[in-house]
Every structure is written in C-alpha cells, then in structure tokens.
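Please keep the structure in view while reading.

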Amino acid sequence: MSRFLNEKYRKLEAYTPGEQPRDKKYIKLNTNESPYPPSKGVLDAVNSRETADLRLYSDPECKHLRQAIAELYGVDCDNIYLANGSDDILSFSFMAFAGNGVRAAFPEISYGFYKVFAELYNLDYIKIPLKDDFSVCAEDYYGLNCFIVIANPNAPTGKTISKDEIIKILETNPDNVVLIDEAYVDFGGESVYPLIKEYKNLLVVQTFSKARSMAGARLGYAFGDKELISDLNKIRYSTNPYNINRLTLVAGEAAIKENDYYKDNCNKIIETRSFTADALKEIGFEVIDSKANFIFAKSNSVSGEELYKSLKAKGILVRHFSDEKIKDYVRITIGAREDMEVFLETVKEILEEVK
Ligand code: PMP
C-alpha cells in the first residue's frame, strides 16, 4: 500500500477472484465458466468488420443488444440495462440504492462481492445467516427496510428460494430495491424477471458469463422498471458510458439470436450435474442439491482444503472457501462430461491415498 491511498480504502478487503493460473493446463472447475464454446454466430460477429471499427467508440445506449434482449424476453427496451459483467451492475446498484440511512442486506453466505461493494461504498450492511441446511430463510427479509440482495440460485450452495417468497419480500419492502442476482438461473431455477411489470422495486440481474459462454467478454444485463434502469444509467454515464466494448456488444447480440444452442448446453450441464452428484454421493460425499452450474460438496474422509490442494496438484482446480461455516466443502463447477469423469477418477485416487 502506498502512502497516497485515500484513508477510506486502507482497510478495504478486496474480492479474491477464483484462480486463473497460467503455469500449466488445468481442468478448470473453479470459476463456474461454461465448458462449451460460444456459438458460431458469436465467433463470426467478433471476427467481422467490427474489429476494424474498434477505432470508433461503442454505442453508449447499446441499442441493438438491448432490443435483442427485450424481444427475447418480451419486455420493453427501457426495462433493460447492460454493463461490463454483472459485477458492474451489482456495484452500481450498491452505489445507487443504498446509503444515506438505507442499509444493505444480503445472506451471510453468498457471493463474496456483496460485502466488498458494501464496504467499498462505506454502507451500513447486515449479513443474514442461512438456515442450518444452507438455505436462505426468506422470512428474515420480510419488512426489513433495506436494500436487499439475494442470489437465486445462491452461491456457493446452488440452493433456490421460490417466486412466492420473493413476492413476499418485494411486497413487504415497498420502499427499497430488492435485487435478485440470477447469474445461475438458467441451470434449473425460475427467473422472476416477469415480475418487474408489477413490482417497481424489483431489479433482476443476469449475465452472459455462465449459460452463454462469454465470461471473458464481460457482459451483464438487468431487468427493472424504467425508472430504476434510468437511475443505473445515471451512474454509468457518470463513470464510463462506454463500459461495454464494440466486440462484446456484437457478440452478445449474436448469442441472443442463437439462444437454442445455449439452452441445449444448459441441459447438458444439468444432466452432467446430476451424474456428478450421484457419483460423489456413492463415494461418501454429502452433496447439496443444486440448481446452478456447480455443486457444493463435502467428503466424509478428506477436508475441503486437502481435497482442493490434492486436486490442484493433480491438475484439477475447484474452489475452496476458508470461511469457518463452509470450510469443509468444495465448490465444483460442472464441466463437460469427460472432464467430470476425470475429476471423479482423481477424487477416488485421492480418497485411496488418504485411507
Ligand atoms: N453473481 C454471482 C452470484 C456470481 O457468482 C458471479 C460470478 N462470479 C457474478 C454475479 C458476476 O458475474 P459476471 O460479472 O461475470 O457477470
């Protein structure tokens, strides 16, 4: 830390992203990326004359992509917001909808960035414990009068709450924004985006990083009442109106047009998830029922940390969190079937070694 850093950031603990090592080739099951490549239209769009046009700024209104998304989901263009990854949308939302007496509230065990944003913007916030079975207790959020952020499915557990519970949260917090982070909704969850018509305080955030195989392109989108979207645009136009580059915009548009390809991929991932969970259970793992593209699992014979380290030594990356309440678990991204077969064989080898 330099002596120049503003006092207010000195104690800030930044988010630790999952490893992206370059030292050797790993089977990467640690950052919930898709094992499948982007669709053909995406590759064509990025290779096209758009590259030559990189000399020009991108469209700050992102009109074409917003239109494509609006059409696919049957909402108005004004209900769509785009940013550089859903992380940006989360960041801007914490900035826009909490503070000045409005506290932020989110589950104690969830996406680690929520706490970082709350601290970055110096907000008062509360972390709400999960139930013993790791599910979010929706009732704890009723009438909370906070800016509420819930990942549904939650990370790193993969557990969901129901649409009815979300409606109750929305109805009992009419004066606050309720943000539902649906980064993983395409793997078996139910999106609540259709509720934006009825609930002006609902913001639903999704991403191209998981189901649409574009984590490296950085593209997130949100659904909300047009006034919420315009609030978020105020922040975007006050920071970086060109925060989505030209290549990402055309790639996103092409991906929306080839939605069926991505749906098929999601179905394959769902199938592989159930294959992997069953196989892990057979060898003594406790596996939490997941609606995401990852599973959260705990071995009855090797610690979370040891499993993570042994897998890494054998060329497979999974994610381990040192937080006391979840330190026995590892989070395993669902890769292609062949990768999961190698993963399972490797886990069996490790279990033999620790016997
Ligand atoms: N929300 C959740 C729950 C996540 O796990 C992630 C990915 N790490 C994100 C949002 C951010 O995704 P991105 O910025 O790639 O859209």
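## Basis and criteria

A salt bridge is here a side-chain nitrogen of Lys or Arg within 4 Å of a carboxyl oxygen of Asp or Glu. The model is predicted, so that local features need pLDDT of at least 70 and side-chain atom pairs count only at pLDDT 80 or more, while totals for chains, interfaces and linings use all residues. Residues are numbered from 1 along each chain as its sequence is written, and side-chain values use heavy atoms, with hydrogens and water left out.

## Salt bridges

Across the whole structure, a search finds 19 salt bridges. In one of them Arg-246 pairs with Glu-50, with the closest N and O atoms 3.0 Å apart. Arg-246 lies in helix α7 (residues 246-257) and Glu-50 in the loop between α1 (40-47) and α2, so the pair ties together parts that are 196 residues apart in sequence; helices (H or I, at least four residues) and strands (E, at least two) are DSSP runs, numbered from the N terminus. Both Arg-246 and Glu-50 are buried, where buried means under 20% relative accessible area, exposed over 50%, and partly exposed in between (1.4 Å probe, protein chains only).

Glu-353 and Lys-314 also meet through their side chains in a salt bridge, at 2.9 Å from N to O. This pair links distant parts of the chain, 39 residues apart, with Glu-353 in helix α10 (residues 337-354) and Lys-314 in the loop between α9 (304-313) and β11 (316-317). Glu-353 counts as exposed at 52% relative accessibility, and Lys-314 counts as partly exposed at 34%.

A salt bridge also joins Lys-327 to Asp-328, where the closest N and O atoms are 3.9 Å apart. Lys-327 is partly exposed at 32% relative accessible area, as is Asp-328 at 36%.

## The sheet

Seven strands form an open sheet of mixed pairing, in the order β2-β8-β7-β6-β5-β3-β4, two strands being paired if DSSP finds at least two bridges between them. The edges are held by β2 (80-83) and β4 (125-128), each with a single partner strand, so one side of each is left without a neighbour in the sheet.

Strand β2 pairs with β8 (residues 220-224) in the antiparallel sense over 4 bridges, and Ala-83 stands opposite Gly-220 in β8. Helix α2 (residues 63-73) packs on the sheet and touches β2, β7 (202-207) and β8, its direction making about 130 degrees with that of β2. Contact means heavy atoms within 4.5 Å, and axes are lines fitted to C-alpha atoms, for helices over the stretch in contact, with angles running from 0 to 180 degrees between N-to-C directions.
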